[in-house]
Amino acid sequence: MQEKVYTGIMASPGIVIGRAYLLDRRKVVVAGQRIEEISVKDEVARFKRAIALSKGQLEDLKKRFTKGLGKSHLYILDTHIMLLEDKMLVDGTVKRVKESHLNAEGALKETIEAISLKFDTIEDEYLRERKHDVEQVGERVLRNLVGHKQESLADIKGEAVIIAHDLAPSDTLMMRKDKILGFATDAGSRTSHTAILARSLGIPAAVGLENITSAVKTGDVVILDGIHGVVIVDPDEETFLDYLKKQRRYKYFEQELENIKDLPAETLDGKLILLEGNIELPEEVASVADHGGSGIGLYRTEFLFMNRLTLPTEEEHYAAYRQVAERAAPQEVVVRTFDLGGDKIAVSTGFEKESNPALGLRAIRFSLKQQDIFRVQLRGILRASAHGNIKILYPMISGLHELYATKTILAEVKAELRAEGRAFNEQMQVGVMIEIPSAALIADLLAAEVDFFSVGTNDLIQYTLAIDRLNEHVAYMYEPLDPAVLRLLQMVSDAARKANIPLAMCGEMAGDPLYAAILIGMGFTVLSMNVASIPWVKKIIRSVRMQDALELASLVLAQPTAERSRQAAVQFMDERFPELAAEL
Ligand code: PEP
Ligand code: MG
């Protein structure tokens, strides 16, 4: 038999070899039917019973897993329970039953579709993915409505690699690591809750394989390479042996990462680097510590504005930031004021479509234009600063005029709170993101006015090289090691050093192990990243001397092209970390 290779998206790293188990997760097929006026009341009651039953099932699941798992993961079940109380979902369905005389199944299906459509207009991948949560909850209610029993992961005998169309986070929660080796799905993305959970539970997974369920039968031998998002069905002998070797090497390496997880991110000659996590939800705080990070270097607050039709209230802002600050204390939490606009459109802000959104009314520009929304957020952040180590960070500052404007507003908001007798940290530190070339070019002027810098390479690279970060056609040009980008980074670093302020990086570049030594050599002392990258970067930091990092940084900076810089970086890695280089 010829081996077949399928490539999707890496969701959770690791390599497993085993027999496939095809899990039946076909969507329930429901018939939308018209009903008579006289049946409306019964139909609504039937729907409410299905909601109650679904809630009971999720509560049960929650109880079963409160002990075994870190509490941090249970928020996903809470999200689903909350959705069962969601007005759009519940009232929307009831309204359709009453007004369109549809049966409960049909009404629920229409409601889910309507909600999904709203989500589709959101370009932010993470937020768009929350649509899946609505669909998965809806699917559960539908099954309960039609009395369709779900095939459970508990039915599986022996070890298996799960192959499914899609999996709900509750499925992932039920996976016992001794039985479930890993999973691969047709649907999903890196930022779906299922993928996030798999990463934090350490279950290797690949998602977005599109048609893996039609290529695999239960009992087939499969190799799942979660590092590259690849599934190989019926591997031939050579591939099999090759992957056995890779698997052994990866396990060894994983053990090493686990061993250093709780050790400081310190170079061989004693220089301490702060490794922090980037989060979007208060519930993610725990996973930062679980991965050996210390503090939150970037809390993206756009999430508070998404998936809703109204603006968040001051109390909502306050509650979210306070929760994060309290969970992370005494470590710092850098709250970034909302970066709406661009690819993150919040319906409630009444955005107009722009022809160049990346260059449009985005982030701090939008905040300064819509000051009423901005002030509400600032009040929430300031009030939360009384409960932990909160710092504030402004996105997309392009020049001093914007910084001065935010200073005036912040001072006014502080004065209001003082007058109201509300507690806040008078000394709360203020930083700016350096993510526009103009900000990097005047970093010396900005440094004199702020407490810290945080470099956002995702945008800095986009604007420096004129490459739309969302456009797949120019993605090949998106190059962190481009000499122009590196020179800007060095400029920012020089300015921070002269002004004696901390220099952080929170763009994706900070989480790539290939760049870790270069960045510390350039003077970055804080690196904030997605949690899964923390142990990898820590491994590098703990294995280099500052002298080597400095030399590597100057070598890379001296190269005339990105290609040459990359060669220098890769060579350094190959020589120092051959075992890690193989995994990159
Ligand atoms: C960045 O631009 O690097 C950054 C961290 O911000 P965002 O990805 O949210 O734009
Ligand atoms: Mg940015």
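Which element gives the most to the shell around ligand 1? Keep that in mind while we walk through this predicted model, starting with the overall layout.

The protein chain splits into four pieces: domain 1 (4-25 + 151-236), domain 2 (37-146), domain 3 (300-428) and domain 4 (432-584). Note that domain 1 is written as two segments, 4-25 and 151-236. If you take centres over C-alpha atoms, domain 1 and domain 4 sit 34 Å apart.

Now head for the ligand. Domain 3 (300-428) and domain 4 (432-584) each put at least three residues into the shell around ligand 1. That shell counts 15 residues, and the closest are Arg300, Arg336, Gly456, Asn458 and Arg469. Sort the shell by class and you get eight charged, four polar and three nonpolar residues.

Back to the opening question: it's α17, which supplies three residues. This helix spans 457-465, and along with β10 (296-300) it is one of the elements that bring at least two residues each to the shell.

Zoom in on the side chains and you'll find some polar contacts with the ligand's oxygen atoms. Arg300 has a polar side-chain atom 2.8 Å from an oxygen of ligand 1, and for Arg336 the corresponding distance to a ligand oxygen is 2.9 Å.

Methods. Residues are numbered from 1 along each chain as its sequence is written. Chains are lettered from A and ligands numbered from 1 in the order in which they are written. This is a predicted model: local features need pLDDT of at least 70, side-chain atom pairs count only at pLDDT 80 or more; totals for chains, interfaces and linings use all residues. Side-chain values use heavy atoms; hydrogens and water are left out. A residue is near a molecule or strand if one of its heavy atoms lies within 4 Å of it. A polar contact is a pair of N or O atoms within 3.5 Å; within protein, one must be able to donate a hydrogen and the other to accept it, and residues adjacent in sequence count only if both atoms are side-chain atoms. Helices (H or I, at least four residues) and strands (E, at least two) are DSSP runs, numbered from the N terminus. Ala, Val, Leu, Ile, Met, Phe, Trp, Tyr, Cys and Pro count as nonpolar, Asp, Glu, Lys and Arg as charged, and the others, Gly among them, as polar. Domain bounds come from an automatic or database domain assignment.
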